[in-house]
Amino acid sequence: MSSLGPVVYWRPHGGRRHALWPPELPRAGQTRETVCGDTVTLADPSEVDWLDPTCEFCMGKARELRDARERRPE
C-alpha cells in the first residue's frame, strides 16, 4: 500500500471476495457498489469468509489500478 492509501478495499460477499472503491472505509450495514458492479449490503466478515475465492473482474481491475498508480510520476 502506498502513502496514497489503498487502491481498493476487499470484502467477502456471495461466495466471493469483491473489491470496493475507496476512499470510504467499508463498514457493516453500508450499501456499496463493488468494482464489478454488484450492489451489496456489507456485513462483518467471518474468518472463514476470507477463504472465498476472489472475483476475477475485481482482481483484474485492482491490478490495473495498482499498476497505473505505480507508473504515475510523483
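What follows is a chat about the core, the cysteines, the salt bridges and a loop.

Me: What should I know before reading the values?

Reply: This is a predicted model: local features need pLDDT of at least 70, side-chain atom pairs count only at pLDDT 80 or more, and totals for chains, interfaces and linings use all residues. Residues are numbered from 1 along each chain as its sequence is written, and side-chain values use heavy atoms, with hydrogens and water left out.

Me: Which residues make up the largest nonpolar core?

Reply: There are 7: Val 7, Val 8, Ala 19, Val 35, Cys 55, Cys 58 and Ala 62. A nonpolar core here is a set of buried Ala, Val, Leu, Ile, Met, Phe, Trp, Tyr and Cys residues joined through side-chain atoms within 4.5 Å. Buried means under 20% relative accessible area, exposed means over 50%, and partly exposed lies in between (1.4 Å probe, protein chains only).

Me: What does Cys 55 touch?

Reply: Beyond its neighbours within four places in sequence, Cys 55 contacts Arg 16, Arg 17, His 18 and Cys 36. Contact means heavy atoms within 4.5 Å.

Me: How many disulfides are there?

Reply: A search of the whole structure finds 0. The cut-off is a pair of cysteine sulfur atoms within 2.5 Å.

Me: What is around His 18?

Reply: Not counting residues up to four places away in sequence, His 18 touches Tyr 9, Trp 10, Arg 11, His 13, Thr 34, Cys 36, Asp 38, Cys 55 and Cys 58.

Me: New topic. How many salt bridges?

Reply: The structure holds 2. The rule is a side-chain nitrogen of Lys or Arg within 4 Å of a carboxyl oxygen of Asp or Glu. Glu 64 pairs with Lys 61, closest N and O atoms 3.7 Å apart. Arg 66 pairs with Asp 67 at 2.8 Å, N to O.

Me: How are Glu 64 and Lys 61 placed in the helix?

Reply: They are 3 residues apart in helix α1 (residues 56-71), so about one helical turn separates them. Glu 64 is partly exposed at 48%, and Lys 61 is partly exposed at 29%.

Me: Where is the cis peptide bond?

Reply: It joins Pro 22 and Pro 23, with omega about 15°. Pro 23 is in the loop between β2 and β3 (31-33).

Me: And what does Gln 30 do for polar contacts?

Reply: Its side chain meets that of Glu 24 in a polar contact of 2.7 Å. The Gln 30 side chain also reaches the backbone nitrogen of Arg 27 at 2.9 Å. A polar contact is a pair of N or O atoms within 3.5 Å; within protein, one must be able to donate a hydrogen and the other to accept it, and residues adjacent in sequence count only if both atoms are side-chain atoms. Gln 30 is in the loop between β2 and β3, and is buried at 17%.

Conventions. Helices (H or I, at least four residues) and strands (E, at least two) are DSSP runs, numbered from the N terminus.
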